[in-house]
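Morning, everyone. Please bring the structure up on your screens, and we'll walk through it together.

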Amino acid sequence: MIKLGVVYVLAGLMFAAFAVFSATDRSNPKRLGNAAFWGLVSLSFLAGDRLGDLGNGFLVVGLALIAGLGLLGRGQPATTSPQERQALAARFGEKLFIPALALPVVLVFAILVLKPLHVAGQPLLEPKQSTLVSLALAAVIAIGLALILLRQPILSPLQEGRRLMDTVGWAALLPQVLAALGAVFALAGVGKVIGDLVTHWLPMDTRAAAVAVYCLGMAGFTMIMGNAFAAFPVLTAGVGLPILMHRFGGHPAAVASLGMLSGFCGTLMTPLAANFNLVPPALLELPDRYAVIKAQVPTALLMLAANMVLMYAFAFPR
Amino acid sequence: MLTLLGVAVVVLGFAARFNPLLVVVVAALVTGLAAGVPPLTVLATLGKAFNENRFVSAVLIVLPLVGVVERAGLQERARTLIARFRGLSVGPLLIAYLLFRQITAAIGLISIGGHAQTVRPLIAPMAEGAVENRVGRLPPETTHRIRAMASATENVGVFFGEDIFVAIGSILLMVGFLSQSGITLDPLQLSVWAIPSAVCAFLIHGTRLVLFDLGLRRAAQRASRTAAAE
C-alpha cells in the first residue's frame, strides 16, 4: 500500500532541500531565516509524529516567530531570463504542455484506476488520503517528463520549487496553522458561545427571518472560523434543526445543503480561509494581500442572497 | 464571553495586517487563557492539531513541477497560444474555466486544477494574453486585477461545484450530523440541492466576468483616446 507517510517523507525531503539551498544562497541577506523556516517545516514532515504534542507546539511558535520578526527573505535561485524563456517557448512549442497536462491525466488515472485496486488484500493507495497520494504520484511522474522532454537540469525542479516557495513565503503554512487554531477554539468552546449568542438574541418568529438568520449566520460564522465545517454543526443545532426543520417544516436536505453553501459564501470573504484567499495572491505576486477576496466579495454576496431566496422559496411545504 | 477574546485578536490582527502566523499563535494563547486552559496545554493542543493537519501543506509538492515548466517557458507559450485566437476575449476564457472547474469539482476531480497547478502556470497568463491581444502591453494594476479575477474564478467554480459530488467532505459532514439528530438522508438528496446554487453561481459570476471584460475594454479605449488627443 502506498501510504500518506510516503507523501510526507517526499514533502519533508523537498523542504530539506529548500532549507539547504536557502542556507547557501548568498543573494538572500536573510538566508539563515529561510533555512530555519523551511528546515522546521521539513522536520515537521519527517519527524512530526516523534516530536510529541508540546514539541510540535513549540515548532509552530518557532515558525510564527521567524515569520513575525521579519526574518524571512526571498532567495534568488539561478533561473532563465524572460528572453531565454521566450526562446525556449518557441523551441519547445506545444511540447511544453505535456508535463503540465500529465499532472491531471495521471491524477485522474490514479483516482479512477489505481484507487479501486487491491494488492494482496490491501488497497493500493491509502483510502483516506488517496487523492493526495495520487497527486504526489502525478507530480513525480510529471517532473520526470519535464526533465526528459524539456531537457532541464536535474536539480532545477528543487531550485525552481524553492523560488516559488520563497515567493509564497510564510503564507504557505497559514492554512495548516489556522486548522490548528480551530482545534484550540474547539477546546475553549468558542463555537458554542457564538451559537448561543445567535440563537438568544436574534428574532426568528417568521420563516423569512429564520432563513436569514441561518444563512447569514452560516456566512458570518464561517468568516470568523475560516471554514464552513466548523459553522455547520453549531448553527444547524441552534437554528436549522429546531426552527427551520421542526417549527417551519423545512426539508432537511434542502435546508442543510443551502445552509452549507451559504457558509461557502463566507469562505470567499475571509482571510482565515488562507489556502483559497491568501496563498493565491502570494503565488501570483499581487501587492495587495486581500486582492482575491476583494474580487470575490460581489459574487459571494449575490450568491448568499441567491441561497436565501432558494431556501425560502423551495425548502418548505406549500 | 471572554472566550471570544481570541476571535477579537484574529479580527484585529488581520485587519492591522500583522503577520498572520504570529496573530494565530497569539490568538490561540489568548483563547486558552480566557477559557482557563494552561498555556502549555494550549501549545500542546495547537501542536497536535498542526501535526494532524500536515496533509493541508503536503499539496505544496506540486511547486517543483510548476517551477520547472515555468523555467522552460510554459507561461510564455500559454500566452502565444492565446494570441493565435485573436477573437478570444478574457471574459469568455474565464467563463469557460469557471464551467470547467464546476464540472470537474462536481464529478470529484477537484485537484485536477488549482491556484498552483493551473491558475499560475496557465490560466493567469492566458487571461493576461487575451487582454494584451487587444490593447498591447498592460499596466501592472491591470495585470494584478486580471490575476485576482482568475484566482477568484477558480474558487467560485470549485465551491459551487464540489457539493454536487456525493463523496465530498461537506456532504459527509451533513449526513453524519443529521443522522446523529435522527434524520437519515442519502448523500444524493443533499447533493441534488447543490445544483440550483451551482447554476446561480455560473450565471452570477459569469455575468461579472462579462462586465469585467467590458470594463477593461472601456478603460483601454479611454486610454487610447487620451493618448491620441495628446
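Start with B:Arg17. It has 12 or fewer C-beta neighbours, the cut-off for exposed: the count is 11 inside 10 Å, so B:Arg17 counts as exposed. Keep in mind that this is a predicted model. Where does B:Arg17 lie? It lies in the loop between helix H1 (5–15) and helix H2 (20–34) of chain B.

Chain A has a case to set beside it. Phi of A:Glu285 is also positive, near 55°, and this residue is not glycine. A:Glu285 sits in the loop between helix H14 (279–283) and helix H15 (291–314) of chain A. Buried or exposed, then? A:Glu285 has 12 C-beta neighbours inside 10 Å, so it counts as exposed.

Back to chain B, and on to helix H2. H2(B) has 15 residues, which should span 21 Å at 1.5 Å a residue. The end C-alpha atoms are 20 Å apart, which agrees. How many of those residues are buried? The count is 11 of the 15, so H2(B) is largely enclosed by the rest of the structure. Among the buried ones are B:Leu21, B:Leu22, B:Val23, B:Val24 and B:Val25. B:Thr31 and B:Gly32 are buried too. What covers them? From chain A, the cover includes helix H3 (52–68), helix H8 (174–188) and helix H9 (190–201). From chain B, it includes H1 and H3. Just after H2(B), B:Gly36 takes a positive phi of about 80°.

Now the contact between the chains. Chain B puts in 94 residues, and chain A puts in 113. On the chain B side, helix H3 (residues 39–52) gives the most, with 11 residues. By class, that side of chain B has 60 nonpolar, 24 polar and 10 charged residues.

Last stop: a helix pair in chain A. Helix H10 (residues 207–225) and helix H12 (residues 252–267) pack at an angle of about 40°, with their axes 7 Å apart. The two are therefore oblique to each other. H10(A) passes H12(A) in a right-handed crossing. Which residues make the contact? From H10(A), they include A:Tyr214, A:Met218 and A:Gly220. From H12(A), they include A:Gly259, A:Ser262 and A:Gly263. The contact residues divide into 6 nonpolar, 7 polar and no charged.

Notes
Residues numbered from 1 in each chain as written. Chains lettered and ligands numbered in written order. Predicted model: local features only at pLDDT ≥ 70, side-chain atom pairs only at ≥ 80, totals over all residues. Axes fitted to C-alpha atoms, helices over the stretch in contact; angles between N-to-C directions. Helix = DSSP H or I, 4+ residues; strand = E, 2+ residues; numbered from the N terminus. Parallel < 35°, antiparallel > 145°, perpendicular 65-115°, else oblique. Left-handed = near helix turned anticlockwise from the far one by under 90°. Contact = placed C-beta atoms within 7 Å. Nonpolar A, V, L, I, M, F, W, Y, C, P; charged D, E, K, R; others polar. Buried ≥ 20, exposed ≤ 12 C-beta atoms within 10 Å, placed from the backbone. Expected span 1.5 Å × (residues − 1).
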